[in-house]
Amino acid sequence: MSLAALGVLAVVALAALAAPVLLPYDPDAPDAERTLEAPGHRHWLGTDLYGRDQLTRLVYAGRVDLLVAIEATAIALSVGAVLGAVSGYRGGFIDQVLMRIIDTIQAFPSFILAMGIAAALGNSVTNIVIAIAITHVPIYGRLIRGEMLRIRETEYAEAARTVGNRQRRIMFYHLLPNCFPPVVVQATLAMGFAILTVAALSYIGLGIRPPTSEWGAMTAEGASYIVSGEWWIFVFPGMAIMATVLSFNLLGDALRDVLDPRMKGV
Amino acid sequence: MFGYIGTRVLLVLPTLLGVTLVTFVLTYVLPGNPALVKAGPLATPEHIAEMERRMGLDQPMAVQYWRYLRGLAHGDLGESHTTGRPVLEDLLQRVPATLELTLAALLVALAVGIPLGVVAAVRRDGWLDHVSRLVGVGGVAMPTFWTGLLALYVFFYALGVAPPPLGRLATGITPPPRVTGLLTVDAVLAMDGRALASALHQLVLPALVLGFSVMAPLTRMVRATMLEVLESDYIKAAWAAGLPRRTVVYGDALRNCMIPVITLLGVVFGFLMAGNVVVESVFSWPGIGNYAVAAMMSKDSGPIQSFVLFVGVVYVFVNLAVDLVYGLVDPRIRLR
Amino acid sequence: MTDLLAVRDLTVHFATDEGIVQALDGASLRVGPGEVVGLVGESGSGKSVTALAILRLLRPPARVLGGRIEFDGLDLQACSEEEMRAVRGAQISMVFQSPRTSLNPVLPVGHQIARLLVQHGAIRPREARARAVEMLREVGIGEPERRARQYAHQLSGGMCQRVMIAMALATNPRLLIADEPTTGLDVSIAAQILDLLGDLGRRTGAAILLITHDLGVVARRCDRVVVMHAGQTVEWAPVRALFHAPAHPYTRALLRSIPRVVGTGEMEPIPGWVPSLLAPPPGCRFAPRCALVRPECRAPVPVRSVDGDHRVACVAAEAS
């Protein structure tokens, strides 16, 4: 099962990276003679209103979605890790303050908050990355804080302290690496969630806008063609989202079984 | 018990404050100058400056925040210039539509999701278990808007059983007199068969789509909890005491499983709110999500932050309610 | 006297990721009416598995491969599930190790007792509730009416165990299986619980199969003893005979290993390790550690009579 997931992800990643080389069509080039063509041997996934090849657009859009997910996850992880580590290790007042901040972020359903941030900041890719990153910080913050609370009392930490290491060094150099297994699992699962978020934001118009192609936006374009039966425009981008998210989820589950069996009910 | 209630209620206040602070920051950070927006396109620079002063935009942040809070307390959530009305009024007018959709979807998710999770755990590795795992894994990965579009394509375009996604009632049907705002309920109260049929007909597909999207995580969690409960010592003791299967599984185990599931309802509600926005968009459902998004599209930026605030506040109270119900139902908390 | 319970040649295997665990190998024991029989052995020796097998509570991955369990003339392995349910909780009751977690946390304890009475006794709920309160009183719980309405988390560990005993004895079973009933309990509370069990057993005429790893408990409270080692039953004897004239080398080693206050004060552990149940030695499973081992020990060991009711599964044991 997880091998299949890895396989799919590998294909997606490769396709995203190698797109310009592999695909014969230009994603943005219109072709007035071949508009709204159903999937066939010339255009495997059909064309849209402007005659653009959907397969090419799909792959290029995939690059955007993956990029957003990776960047957002990386930022959220870094910020969350620092917050969680400091909060868990120092405790006391600073722990209370940081936890209140995290609580406030989690007081909103995350998608709704992402909507608000995206609306406030604007539609650029960077802003969407920031919006998603902010809503994901609590995930890593809490996780690492929990791990930190658990291991700061261990003998390992005690030894590091006795030797005279500075607190910052203890936190980041010695203890943080021990938190990696659950973090890796969580990050993998959260990547899928990030993709769903950016796609949904783009679908309702708050995310990535044309001319940059993105899976959610492509699906939105396809929505108006349901009533006239051109199904391929909305089906394939959605399928791409589902396949990618599913692969991340399966991979995350497999990683969890391997790295951290005690997390098994989370 | 009262300590439990007390702490929970007290904690709500700082959380609410945090929520307003966030939406205040978001409003403040909005691109553009609110005074410019309010003054209109023909305003002169002096006019805009005057507007800025009147709106307090030249004041320090803390003062502005205070004014913001005061405004909120008076129900001032700004104005929408697409509708020309106060945002609060717009929201309240559209809340029943969202509420009806949310409740219908919740009903679907609970009525299907919980039994599915329970039976999947009881008949582990049976065909229903495989179905539930498929639903759980697949459903979580499907983007809700895509599910909605697929449903529309299959049931509306291809099969013709679903109505066109044009709103809550088919064109030509007069709505029943407004009592609750929920068309189905109002139609029943007014004994209006036609309106009821039409309202249900329009509601079915979006409710199923939204319900299905939150059903996936719910089923997974119910299944996991039930499996854990079935392995517990007191269930083994119940078997040893010769109690019939019906009592042990669907009495004792189920009861113990449902209690933690209550805490899930808060999270489920969060998923519902998020999915609502998208489903309303797909089906052109005239709820608050659609309103906020449509306003945003017309560069009318007030409604969306007020929408975020509204949802945030409701979410806080829903979670509080869930906590309180949990405290009441679990005897370990109810009795010290 | 005819046996109340007769377990003959019970073999149970567990299928695990690491292979087949041969948890029980030809285990046998008898319990007569009203007797208190101690089933003694180290952890992992198969005592709990035996108990669960008697009540037919073993589920896959466990499989019963052979043997016969007879209770009061009824073949417990061949009878229908309905008949088995009528036996469980009514004819044979079981008391488990961790009392608090063995009680349903969201039901009042009185209700948990009462519904057993309704289930097995065909009496009305109101009567059952009254009887439940009575049972709580009989097991020594003060203010039983108030306690009956309380939940497990409101009771101490000792009280929880009393409730479990009340549940077990409410239906007047012929046999009570107590699996390490004093685990996790304070020493003085543990003594009280064992006293209670003994008292109630004598009063109701119920036989008790007391599963424990504590030889001291066995010495004080049991009529007869069955010794288990690595899934095999190795010695059966009246309690005095076992302690004065242990026949099986394992029993002897066990008795020698008990730390004593008087005497040399030296501890004599049993040499070697408990055999792995994944690949157990053929024949007698104590053979690899036994000082008296002979070639015949690698084949299934016959049961010899040492002296009347005292029997041992050993070719090398001498009556002394």
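Predicted model: local features only at pLDDT ≥ 70, side-chain atom pairs only at ≥ 80, totals over all residues.
**Entry 1: which chains touch**

I began with the chain pairs. Of the 2 pairs of chains that touch, the one between chains A and B has the most contacts. I then looked for a link between chain A and chain C and found that no contact joins them. The closest C-alpha atoms of chain A and chain C lie 15 Å apart.

**Entry 2: chain B against chain A**

Next I looked up who takes part in the A and B contact. Chain B brings 41 residues to it and chain A brings 36 residues. On the chain B side, I noted the elements that give two or more residues: helix 1 (2–29), helix 6 (127–141), helix 7 (144–158), helix 9 (193–230), helix 11 (245–283), helix 12 (288–297) and helix 13 (302–329) of chain B. I sorted that side of chain B by class and got 30 nonpolar, 10 polar and 1 charged residues.

**Entry 3: chain B against chain C**

I turned to the other face of contact on my list. Here 17 residues of chain B are in contact with 23 residues of chain C. Helix 10 (233–240), helix 11 and helix 14 (331–334) of chain B are the elements that give two or more residues to this side of chain B. The largest share, 5 residues, comes from helix 10 of chain B. By class, I wrote down 10 nonpolar, 3 polar and 4 charged residues for the side of chain B that touches chain C.

**Entry 4: a helix pair in chain A**

How do helix 3 and helix 5 of chain A pack? I found an angle of about 130° between helix 3 (residues 92–106) and helix 5 (residues 125–151) of chain A, with their axes 9 Å apart. Helix 3 and helix 5 of chain A are therefore oblique to each other. I also noted that helix 3 of chain A passes helix 5 of chain A in a left-handed crossing.

For the residues, I listed Ile102(A), Ile105(A) and Gln106(A) from helix 3 of chain A. They meet Ile134(A), Thr135(A), Val137(A), Pro138(A), Gly141(A) and Arg142(A) in helix 5 of chain A. This contact has 5 nonpolar, 3 polar and 1 charged residues.

**Entry 5: helix 10 of chain A**

Last, I checked helix 10 (residues 232–259) of chain A, which has 28 residues. I get a reach of 40 Å from its first C-alpha to its last, close to the 40 Å expected at 1.5 Å a residue. Is helix 10 of chain A largely enclosed or largely open? I found that 20 of its 28 residues are buried, so helix 10 of chain A is largely enclosed by the rest of the structure.

How values were computed:
Residues numbered from 1 in each chain as written. Chains lettered and ligands numbered in written order. Contact = placed C-beta atoms within 7 Å. Helix = DSSP H or I, 4+ residues; strand = E, 2+ residues; numbered from the N terminus. Nonpolar A, V, L, I, M, F, W, Y, C, P; charged D, E, K, R; others polar. Axes fitted to C-alpha atoms, helices over the stretch in contact; angles between N-to-C directions. Parallel < 35°, antiparallel > 145°, perpendicular 65-115°, else oblique. Left-handed = near helix turned anticlockwise from the far one by under 90°. Expected span 1.5 Å × (residues − 1). Buried ≥ 20, exposed ≤ 12 C-beta atoms within 10 Å, placed from the backbone.
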